[in-house]
Amino acid sequence: MQGKRAEWEKACREYPDLSPFVLLKMSMVWHGAVLTEAALDRLQEPDYCFGKLEPFGISFGGRPADKVMPGGILLRDATFVYINYGENYRDPYQIDWDAGRGEFLLKEGEDVIDTVDFVPRPQFFGKTTSRGTPMEAVAEARAQKLILTAYQKCRLWEGGKQCHFCAFFTGGHSLGEVDCEDVYETVREALKEPGRFSEIYLSGGTDFGGEPPFSREVERYIRVLQAIGRNFSGRFSSQLMAPAYSRKVLEHIYKETGLTSYCPNIEIWDKKLFQKLCPGKEQWIGHDEWVRRTVDAVEVFGRGKVCTQVVAGAELAGPWGFETVDEALKSNLEGCEFFAKNGVIFLSTIWRPHRASRLGYQPMPPLDYYIRLAKGLHEIRKSYGLLSTNDDYKHCGNHPDSDLERLDV
Amino acid sequence: MTERNEGQAQRGQEQRKQSQGKQCQKKQPRLLPPSALELLKAPDCRKYIRFADGKTVLFPSLSSPDGQILALALEEEHTEAGRALLDALWFSHPVCVILDDGNRIQGYRMEVYRCHIAGPLFLKKLLEVRAEDPEKDMASAWELHFLEEEELTKEKRAALLGAAPADRAEIPEWHLDHPALHGQTGR
């Protein structure tokens, strides 16, 4: 069997124009990574120790109860790598702590691939709001991105209508609706740390309640964005990840808040597969309407300020998925081309099968699929002059295709 | 594409092929030579980086935080300077750091080793930038490792005359604590 280094080096030779770091990131997400005891111990220290509470609360079985999981990994070029710590990987990389060098090392067995780092602990972690809420339960942090979750459950799970690849809020520690004063105070505290954040990201589980449907959710997002906005004198770099709302609703949100970008994730581009894999989204909005509203959003937020993401690989999952990676690639590149023509940034994220999701644990498409997809999406968007300033390596880090944009003019 | 450009593009491809897969491998940095530290101490030392394509940029923020490595503050990333640093890191294109204190000029071949967007080195460089001007910001800090001393040819010296500080991005790249976002500046 080909080792991970050999596979990565082969990818580097076959795709000489792609960043070796982005290729390494894809390999790490694909294979997974585990932390050695020495690394995990080092990551409990104050400069790295993350919070015990996670707003997206995904359930993982393989996490030691007495240790806190760290933030994401940063490669030497600051490429962000999100690893599901505690997942049961078949052949993962190891991340070790070398006390002599004072560095974390990415390894395959005894072979050192490179030195890596972790997102440092933000200074607001460990603090509480005036209501006594731990701030780490209100906001999560990446290297430059502050992540807030307005509603820590997803009502699409009612009646089994959740997206079939989703495992959010399965950890059992979610708080439901976030308190706006907690949000205001947490953001205020986060901004005290110099240069720590350059974007605020707001999302949450879907709540279709209210009349018309989603009105309760929309008003909640407005309240939360207004609470965040009390910390600023005008608009602030921010993104709302939410269902596809009508133009009228988006104009209302834009007018009432300091929001600057919007991300209604379509998850699956192919219409028939969307209907199968995202039954709740299909029931409440529908594929065609989702697409139409995403395009309309450009008139509110501007070209390049509306993104939509696919969970790449889920379109190949059984029992309904495409049979070949070429079919899947063709479908996604068509989606990207369509959206790019309309000023929308179409991004991919790498699907990691999770046993708590309805698709369960099943094989992922080959790594080469993800490389070809990232390359193809980047090339299409580049040809339309689109640059993801809100979903790039620094402000998200989940999209290998936008990691590749860093050299674009 | 002209013949010359095609030739350059092919050479670039070849260089990239040769460097792929080697780039991410771990190695211990060599320490900066004493001459570099002496030049950096001079108050009017001019600090340049000449990139593999010949572009030469002034980086006044270049300093050694620990006597072992060099670090610089990049104000904005969506710039030619930002892309040049990233290209050097991604594709193993060493750069030439040139230090000139008016009496002595010296070149150092260096590896662009790491980009910091958070953490201690990032914070140190950011605070240096803001101490100089509270309305300035910094997108990232870059860490450079010494490889060897480099002879400065006539061509390299000539390029210094046209060198300018890093260019500016079309859209300011501010952090969320920048005073402009809090009504604390006239911008």
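The model is predicted; local features need pLDDT of at least 70, side-chain atom pairs count only at pLDDT 80 or more, and totals for chains, interfaces and linings use all residues. Residues are numbered from 1 along each chain as its sequence is written, while chains are lettered from A and ligands numbered from 1 in the order in which they are written.

Start with the overall form of chain A. Its C-alpha atoms fill a box of roughly 60 × 50 × 45 Å along the principal axes. A compact globule of 409 residues would have a radius of gyration near 22 Å, so the 20 Å of chain A agrees. That radius is taken over C-alpha atoms, and the globule rule is 2.2 Å times the number of residues to the power 0.38.

Chain A holds 13 helices and 13 strands. These are DSSP runs, with helices (H or I) of at least four residues and strands (E) of at least two, numbered from the N terminus. An automatic or database domain assignment gives domain 1 (4–118) and domain 2 (135–407). Their C-alpha centres lie 24 Å apart.

Now the packing. Of the 409 residues of chain A, 54% count as buried, with 20 or more other C-beta atoms within 10 Å of their own, the C-beta atoms being placed from the backbone.

Turn to chain B. The contact takes 36 residues from chain A and 32 residues from chain B; two residues are in contact if their C-beta atoms, placed from the backbone, lie within 7 Å. Helix H1 (4–14), helix H2 (20–31) and strand S6 (111–118) of chain A each supply at least two residues of the side that touches chain B. S6(A) gives the most, with five residues.

Methods: Buried ≥ 20, exposed ≤ 12 C-beta atoms within 10 Å, placed from the backbone.
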